[in-house]
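I opened the model to look up a few local features and then the packing around them. My entries follow in the order in which I made them.

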Amino acid sequence: MDSRLEKIYDESLRRNPAQPEFQQAVLEVIESVEPLLLARKDYADASILARIIEPERQLMFRVAWQDDNNVIQVNRGYRVQFNSALGPYKGGLRFHPSVNLSVIKFLGFEQIFKNALTQQGIGGGKGGSDFDPHGKSDNEVMRFCQAYMTELFRHIGADCDVPAGDIGVGGREIGYLYGQYKRLANRNEPGVLTGKGIGWGGSLARKEATGYGLVAFADAMLAHKQESFAGKTVLVSGSGNVAIYAIERVIAMGAKPVTISDSSGAVYDPDGIDVELLKQVKEIERGRVADYAARRPNAEFRAGAKVWSVSGDIALPCATQNEVDAQDVREMIKNGVILIAEGANMPLTPEAIEVAQEAKLMYAPGKAANAGGVATSALEMQQNAMLQKWEFDTVANKLDAIMLNIHDTCLTTAAEMGCPDNYVVGANVAGFKAVADAMLEQGVF
């Protein structure tokens, strides 16, 4: 690393100790954009890198709420408003026990470049809490969401910061959050949150968007190599919203998805995942993947296991950060995988990415491949602003066009940087350049 960039990175390490996920995301971007930064004196003179690494605002607050036994529980809430050069802060809320400041900052940092790639005029942010909605009653989830929004509402708005869902935050949680926002703000402002219910400002195709967008991006990667999904076996990790709708789209493309997972273990279903049963178990019953396996005659639940030991052609990690290590990628290569596209945020460790790239696998980072969710959130914001509701196909077609444009932008940028077919370099450089140019034009802030 160039000494000037190393100094900036060392300063970030000093300022943000014990934040490994955040520093992992920062280092990946620096390594990708180093040639660009060294070639652009104006970026260096304006301290663009140092300013992008430092969030514009970091919020951390207590969330006290009462459970069904009338016991007061205390969680920690976060919202990191990272960069607004391209528009209002935009990024989801994650409710999960693993949430801490490092996780939220890594997600927000990734969101800057992901949002830039969509070309939808949205900045980067992220938030959440270490609250675990799993196993909680609807009333407990409602009381927590109301307590969380009681602090957050003063920091967000349709032209300022627009949260959405993420792990642990689905339609139920967004509904409770929006109800409390309206109560506190004393106004109906549907553009303040995305992922809303269809009857009160939500967008058709938003629920499907991240999974559908992931498959659209992977399909473009395959087409670039004169391949397609038809007849392929697909390995999917996770069993939440992204995984479910990636599986649905994969089936429509003529491929067979055979795996799902959650924190308890993995399921291998040689007959192909039954997506309607999976929706029933996960979306309606809020069950576990073991419950799915129990209802399928040939499915096998493997407690504590990952999905990557199964033979397949395409891998779509859709669970969480750093779920795929170097050994997992070696296992995939041995089992015939030719393409990895990230449906989660940063699911491959740096070592895993290195193994994938050395093996010449087609590999796409999450900031490009899973941008479909936030892209469609931006489309939801547009509909709210115009007091319109578009048809499903209208939104889906716009989503496909955005994902294809991201794919082509990554390829073109990678080639310009002398790294053909390197989607990591393409995504990082294209996203960084869009944000950096806007920051230069807007002066020091």
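I began with Asn322, which counts as partly exposed because its relative accessibility is 30%, where buried means under 20% relative accessible area, exposed over 50% and partly exposed in between, with a 1.4 Å probe and protein chains only. The model is predicted, so I kept in mind that local features need pLDDT of at least 70 and side-chain atom pairs count only at pLDDT 80 or more, while totals for chains, interfaces and linings use all residues. Residues are numbered from 1 along each chain as its sequence is written, and side-chain values use heavy atoms, with hydrogens and water left out.

I placed Asn322 in the loop between strand 11 (314-317) and helix 12 (326-334); helices (H or I, at least four residues) and strands (E, at least two) are DSSP runs, numbered from the N terminus. Asn322 is not a glycine, yet I read a positive phi of about 55° for it. Most residues other than glycine have a negative phi. Ala205 sits in the loop between helix 7 (171-185) and helix 8, and with a relative accessible area of 6% it is buried.

Next I looked up Leu339, which belongs to strand 12 (residues 339-341) and is buried at 0% relative accessibility. Its C-alpha lies 7.0 Å from that of Asp313, although 26 residues separate Leu339 and Asp313 in sequence. Leaving aside residues up to four places away in sequence, I found Leu339 in contact (heavy atoms within 4.5 Å) with Ala218, Met221, Leu222, Asp313, Ile314, Ala315 and Met362.

Which residues touch the most other members of the largest nonpolar core? They are Phe217, Phe229, Leu316 and Ile406, in a core of 56 residues; such a core is a set of buried Ala, Val, Leu, Ile, Met, Phe, Trp, Tyr and Cys residues joined through side-chain atoms within 4.5 Å. Helix 8 (residues 206-224) gives the most to this core, with nine residues. Apart from this core lies another, of 36 residues, including Val80, Phe113, Ala116 and Ala438. For Ile406 I listed contacts with Leu117, Thr118, Phe217, Ala368 and Ala371, again not counting residues up to four places away in sequence.

I then traced an open sheet, in which five strands follow the order 1-2-4-3-5 with mixed pairing; two strands pair if DSSP finds at least two bridges between them. Strand 1 (57-66) and strand 5 (161-164) are at the edges and have a single partner strand each, so one side of each lacks a neighbour in the sheet. From one strand to the next the twist averages 20°. Strand 2 (residues 72-83) and strand 4 (residues 123-129) are paired in the antiparallel sense over six bridges, and Tyr78 stands opposite Gly128 in strand 4.

My last entry concerns helix 1 (residues 3-15) and helix 2 (residues 20-39), whose axes come within 11 Å and cross at roughly 160°; axes are lines fitted to C-alpha atoms, for helices over the stretch in contact, and angles run from 0 to 180 degrees between N-to-C directions. Helix 1 and helix 2 are therefore roughly antiparallel to each other, a label for angles over 145 degrees. Among the residues of helix 1 that meet helix 2 I noted Arg4, Leu5 and Tyr9, and on the helix 2 side Phe22, Gln23 and Val26 are among those that take part.

Terms used
Angles under 35 degrees count as roughly parallel, over 145 as roughly antiparallel, 65 to 115 as roughly perpendicular and the rest as oblique.
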